[in-house]
Amino acid sequence: MSALVRLGGGHPPALVMFDLDGTLLDSAPDLAAAVDAMLERLGRAPAGLDKVRLWIGNGARVLVRRALADDMRHDAVDDAAADEALALFMALYGGSHALTRVYPGVLDSLALLRTLGVRLAVITNKPERFVAPLLADMGLGDFDWIVGGDTLPQQKPDPAGLLWVMQQAGVAAGQALFIGDSRNDIRAARAAGVRCVALSYGYNHGEPIASEQPDLVVDDLRELFI
């Protein structure tokens with residue numbers, strides 16, 4: 001019996017929901033390039049890829065605030081300055097995905113899930129306007145639902161996005177699975193009552209994802225079919 005079937009209680013789940021950045025795509029290089037270009041235009045020193053990887057996961061607004069603070073903590077950042085920087089970042093990031101890559105095993109796994117008739121969703125804290133073009137550019141195919149960070153009033157770790165997709169799909173929590181890479185993903189899944197799989201390779205603010213106690217940790221999505 002494969003891990004996917006075990007997680008589905010003896011059969012494949014009817015619905016699999018995915019995070020995006022750090023789960024399906026390694027988008028940190030493009031995000032870092034946009035952050036550094038934003039900082040340069042604001043007369044500040046670049047942050048660099050290693051820092052930006054640590055800051056990803058709470059949406060564009062928080063990423064920008066962390067960049068302005070040069071730290072995970074950003075309470076002291078001026079709101080007006082953050083709004084100005086966010087508009088600049090959004091313009092810079094929207095132009096190119098040249099450095100973004102699909103993680104190994106993702107395309108094969110999505111194809112297998114579609115063959116099994118599993119319905120698919122992406123639930124990300126990335127602004128919604130970037131998500132569908134990015135999925136198309138990366139060749140990830142069609143998803144039944146896309147929830148971005150500004151689609152609903154709440155973002156992960158709030159479970160609202162997961163609950164909304166399950167309602168739209170007519171699927172109970174026991175028939176669903178969430179796959180992500182960060183504590184926000186695991187906590188959102190737990191709050192929604194959904195089993196969760198974590199990827200070891202993603203962006204979890206430099207902390208091991210196993211510490212969040214997901215139902216399963218894998219290094220490659222293809223492990224779900226073993």
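Contact here means heavy atoms within 4.5 Å. Keep that in mind as you explore this predicted model.

Stop 1: Where they touch, domain 1 supplies 12 residues and domain 2 supplies 14 residues. The size of an interface is often given as the accessible area lost when the parts come together. For domain 1 and domain 2, about 1100 Å² is buried between them, with 53% of it on carbon and sulfur atoms.

**Stop 2: helix 2 and helix 4.** Select residues 28–41 for helix 2 and residues 60–69 for helix 4. Their axes come within 11 Å and cross at roughly 50°, which means helix 2 is oblique to helix 4. The crossing is right-handed. Now show side chains: L31, V35, M38 and L39 of helix 2 meet L63, V64, A67 and L68 of helix 4. Which classes of residue make up this contact of helix 2 with helix 4? There are 8 nonpolar residues, no polar and no charged.

**Stop 3: helix 8 and helix 9.** Next, pick residues 160–169, helix 8, and residues 183–192, helix 9. Helix 8 and helix 9 pack at an angle of about 50°, and their axes are 8 Å apart. Helix 8 is therefore oblique to helix 9. Look for L162, L163 and M166 in helix 8, meeting A188, A189 and A192 in helix 9. The residues of this contact divide into 6 nonpolar, no polar and no charged.

Technical notes:
Residues numbered from 1 in each chain as written. Predicted model: local features only at pLDDT ≥ 70, side-chain atom pairs only at ≥ 80, totals over all residues. Heavy atoms only, no water. Axes fitted to C-alpha atoms, helices over the stretch in contact; angles between N-to-C directions. Helix = DSSP H or I, 4+ residues; strand = E, 2+ residues; numbered from the N terminus. Parallel < 35°, antiparallel > 145°, perpendicular 65-115°, else oblique. Nonpolar A, V, L, I, M, F, W, Y, C, P; charged D, E, K, R; others polar. Buried area = accessible area lost by both parts, 1.4 Å probe. Left-handed = near helix turned anticlockwise from the far one by under 90°.
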